[in-house]
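Hi everyone, thanks for coming along.

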Amino acid sequence: MQNAWAYPCFESEYWGKPVSSGAIASDYQRLRVENVCSRLGLVSLAYLWKQEQSTLLEHMIDRGIHAVLVKVAALGLEPYKHLGKDLSTLRPLLTLLSNMYGCNVCGEGGEYESLTLDCPLFKNARIILDGFNIVLHSPDSIASVGVLHISNFHLERKSECLTSQSTYPDTASADCSLVTWVTEDAEGKQTSSPVVSLASLCPQKDDIGSENGDGLLEFSNHTSQLCRISIGKGSELFTCACWRESANNQFLDVKDELMLILQALKWELREKGLGWADVLFVHLYLADMKKFADANDVYLKFITDKECIKGVPSRCTVEVPLVEGGLGSVMVELLVAHDKSKKVLHVQSISCWAPSCIGPYSQATMHRGILHMAGQLGLHPATMSLVSGGAGAQMDQALINCEAVVQAFSLGPHFPATSFTIYCTSSAGDEGLKGISNELEKYLSAAKENDSPEFKLGSQAFIPTPLVHFVLVPALPKGYDLLSFPFFS
């Protein structure tokens, strides 16, 4: 709640109309709100998501939220004793019940329902209850269910003195500079390479032919347009990469080329009895990061929630010199599983937990004890803005974001990473690279010191040291200098 005050949000030309919800740990509540927002083109704000509940209750009380219980349905809460009592009075009892029975101190598990009678948002008056009855809904001997039925109430105007001396933040006059709006990258200028239309090469986009002897997929109604597919062998997992080789220096628009590639991959998966729902991870390589928004528009038409019932795959997007290597403007690499055992974490709400994935990709995908995490930027989750302080500070924030995602899978703090791939741009400079290395070293040292899980190698217990790869790339999404791509197992 304190963060909700700190980051007021208003309607924006970029975000549109945001919708705020109070989901803390319930995926059921969060997903329902996110689904509605997705259909209506709204942005979900969930600044209470993954907050520690005892601390959250304390902050709500300290911020002046006066709420009383209007329903109880948990062991230790008695209708005739606790209904009508305020949260500040019941906080010690709620904490005790949480320690004894695992109850949610904020009542998100249905332990209790509350009614707010006064809070800083109530500018003019507070609610005063004049009469109520207690209705016993279920007289259970262990956990009775009771409801407070309000029969009479009135509004009491707040005094001007109390309002003016209030220490609570005034959201109406809050500093809008605290909010950083999420925007897509602007479309860049066309390159000097000649761009040809998709129709001139492939009149029927969706009609894909068969694979020839050279391992190339030929598209119907033309012979010059070819996509190459490389399939990695594996009993449980396999990789599937697709790209287009440029011919006679002719380049397709990035939207048309990515459409061809994703169609080819869709056909290849279908031939194996699989689909987008079986994809764990996607590497999206672009020749020009300025075309990221265009590529994303095509991507979300193929890889959707409808196609991926268990959740869309995680993704990492970087710019690489494809054209210099004789390729087109896009290359896509998939990691695919033969079974359906994956578990996906896709939080689209803006929160204080970790950066949201409003786009068509998830924060992480768990499959057979291996966590495939999307690339993490040094973004402050609550504002989705890049942290200040250079590449070292960005790396520190990216690692904090990684930890938050790992803990969401109940893997415990400092769950050992198998590898880290750190994508950097030249604009980070030598000092930036040094800061990145220092932050990563501190993170790995802390992982070894803080009771990390141990593994057995023969008869010896050990904590693995992850492989670390530093890759220099021309550009990263939104012009950032650093992208951390961890791999946990």
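This is a predicted model: local features need pLDDT of at least 70, side-chain atom pairs count only at pLDDT 80 or more; totals for chains, interfaces and linings use all residues.

How high is the mean pLDDT of the chain? It comes to 79, with 77% of the residues reaching 70 or more. Two stretches call for some care. Over residues 1-14 the pLDDT stays under 50, and the model gives them 41 contacts beyond four places in sequence. The other stretch is residues 452-462, where pLDDT is also below 50. There the model has 18 contacts beyond near neighbours in sequence.

Find helix α3, residues 53-62, and helix α5, residues 87-101. Their axes come within 10 Å, and they cross at roughly 165°. An angle over 145 degrees counts as roughly antiparallel, which means that α3 is roughly antiparallel to α5. As for handedness, α3 passes α5 in a left-handed crossing. Which residues make the contact? On the α3 side we have L57, E58 and I61, and on the α5 side L87, S88, R91 and L94. Sorted by class, the residues of this contact are 4 nonpolar, 1 polar and 2 charged.

Here is the second pair, so please look further along the chain. Helix α8 covers residues 254-271 and helix α9 covers residues 292-302. The two pack at an angle of about 30°, with axes 9 Å apart. Because angles under 35 degrees count as roughly parallel, α8 is roughly parallel to α9. The crossing of α8 past α9 is right-handed. From α8, the residues involved are V254, K255, L258, M259, L262 and Q263. They meet D294, A295, D297, V298, Y299 and F302 of α9. By class, that contact has 8 nonpolar, 1 polar and 3 charged residues.

Next, salt bridges. How many does the count come to? The total is 12 salt bridges. One I'd like to show you is between D27 and R30, whose closest N and O atoms are 2.7 Å apart. Both residues sit in helix α2, which runs over residues 27-40. Since they are 3 residues apart there, about one helical turn separates D27 from R30.

Last stop: S151, which you'll find in strand β6, residues 145-157. What does S151 touch, leaving aside its neighbours within four places in sequence? Its contacts are G131 and F132. Take a look at N133 as well: it lies 18 residues from S151 in sequence, yet their C-alpha atoms are 7.2 Å apart in space.

Definitions and conventions
Residues are numbered from 1 along each chain as its sequence is written. Side-chain values use heavy atoms; hydrogens and water are left out. Axes are lines fitted to C-alpha atoms, for helices over the stretch in contact, and angles run from 0 to 180 degrees between N-to-C directions. Helices (H or I, at least four residues) and strands (E, at least two) are DSSP runs, numbered from the N terminus. Angles under 35 degrees count as roughly parallel, over 145 as roughly antiparallel, 65 to 115 as roughly perpendicular and the rest as oblique. A crossing is left-handed if the near helix is turned anticlockwise from the far one by less than a right angle, and right-handed if clockwise. Contact means heavy atoms within 4.5 Å. Ala, Val, Leu, Ile, Met, Phe, Trp, Tyr, Cys and Pro count as nonpolar, Asp, Glu, Lys and Arg as charged, and the others, Gly among them, as polar. pLDDT is the predictor's confidence in each residue, from 0 to 100. A salt bridge is a side-chain nitrogen of Lys or Arg within 4 Å of a carboxyl oxygen of Asp or Glu.
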